[in-house]
Amino acid sequence: MCGRYAASRGAEDLARLFEVEKWEPEEALAPDWNVAPTKQVHAVLDRPVKGSDDQRPVRQLRTLKWGLVPGWAKTPDMGVKMINARAETVHEKPAYRRPFAARRCLLPADGYYEWVTAQGELKLEQEGKRKRPRKQPYFIAPAAADGSANEQPVMAMAGLYEFWRDKTLPDDHPRAWWTTCTVITTAAETTPLANAEELSEGGPRSLADIHPRMPLMLTPDRWDAWLDPSRTDSEELRELLAPPPSGLLRAHPVSTDVSNVRNNGPHLLKELPAPEEETLF
């Protein structure tokens, strides 16, 4: 799954990387190293500019709320539970099939966090001796060409966005319309991580060792096709959901400080020499 990620790049940098034609400086978000559900996030999408006579799709950088609220929802409350959509079923689920056909986006990130339960902690939980086992967080991000964390590439997560109208408010109210999004996930890779040999002995060697799911990362060669709103054929779109080539991601243990959403800052990405829990596997 993807329940927390880091997004520290500024709007200007994102506009350059994704060849954005339109973005509003006043909507730019501050760097966030602990992005959690319900927060505002940057999204890249292709859509006609509202109020323009020219209805061609324009590449835009927009600010959306993480947690998709379907247009038919009576209240926005269900958005909290809809932060992820499974690639295997996104084309058929009632909440996702319409945005999958017409409202796709990219959610830029430095990388995402995932938590692993130590074997010792898991055993205690199974024996009923610990109700809330301690978990070791890992930061997972694209690796540079040499497999390192140098010159950190951007991670473009496949996403969907949707509009929801709050009928309790008048049309001219600034919060009458909500624009929300979700991250598409896929089965985690079982092949070795780009930095598998650098991790501590007994540590994870693949993403599947950390968690069975991962956000679907789209490589630059798929960006245009994914964002193109004229593409509506479900089968053709599903082909774009194929996992990226293996070996593009690296992972390292980070401080458990990231587990508290109130903590923020670049220190959350700092690589630990070894997991805080000594025996993970």
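I take contact to mean heavy atoms within 4.5 Å. With that cut-off I looked up Thr 179, leaving aside its neighbours within four places in sequence, and found it in contact with Leu 64, Lys 65, Tyr 161, Glu 162 and Phe 163.

**Ground rules.** I am working from a predicted model, in which local features need pLDDT of at least 70 and side-chain atom pairs count only at pLDDT 80 or more, while totals for chains, interfaces and linings use all residues. I number residues from 1 along each chain as its sequence is written, and side-chain values use heavy atoms, with hydrogens and water left out.

**Thr 179, continued.** I placed Thr 179 in strand E11 (residues 177-187); strands are DSSP runs of E with at least two residues, helices are runs of H or I with at least four, and both are numbered from the N terminus. For burial I use relative accessible area with a 1.4 Å probe and protein chains only: buried is under 20%, exposed is over 50%, partly exposed is in between.

**Whole chain.** I counted six helices and 13 strands. The radius of gyration is 19 Å, close to the 19 Å from the globule rule for 281 residues, so the chain is as compact as a globular protein of that length. That radius is taken over C-alpha atoms, and the rule is 2.2 Å times the number of residues to the power 0.38. The C-alpha trace spans about 60 × 40 × 40 Å along its principal axes. Of the contacts with a separation of 6 or more, 71% are between residues 24 or more positions apart. Buried residues make up 49% of the 281.

**Cores.** I define a nonpolar core as a set of buried Ala, Val, Leu, Ile, Met, Phe, Trp, Tyr and Cys residues joined through side-chain atoms within 4.5 Å. The largest has 31 residues, and those touching the most other members are Tyr 5, Trp 66, Leu 107, Tyr 112, Met 157 and Leu 207. Apart from it lies another core of 30 residues, among them Ala 95, Phe 100, Leu 218 and Leu 237. I then listed what Tyr 112 touches, not counting residues up to four places away in sequence; the list includes Met 1, Cys 2, Tyr 138, Phe 139, Leu 207 and Pro 215.

**Positive phi.** Most residues other than glycine have a negative phi. I noted Glu 19, not a glycine, with a positive phi of about 55°. Glu 19 is in the loop between helix H1 (11-17) and strand E2 (22-23), and at 60% relative accessibility it counts as exposed. Thr 38 is also not a glycine and has a positive phi of about 80°. I found Thr 38 in the loop between strand E3 (32-35) and strand E4 (40-47), partly exposed at 36%.

I located Asp 54 in the loop between E4 and strand E5 (58-66), partly exposed at 39%. Asp 54 and Ala 143 are 89 residues apart in sequence and 40 Å apart in space, C-alpha to C-alpha. Pro 94 is in the loop between strand E6 (84-86) and helix H2 (97-102), and I record it as partly exposed at 45%. From Pro 94 to Trp 72 I have 22 residues in sequence and 9.7 Å in space, C-alpha to C-alpha.
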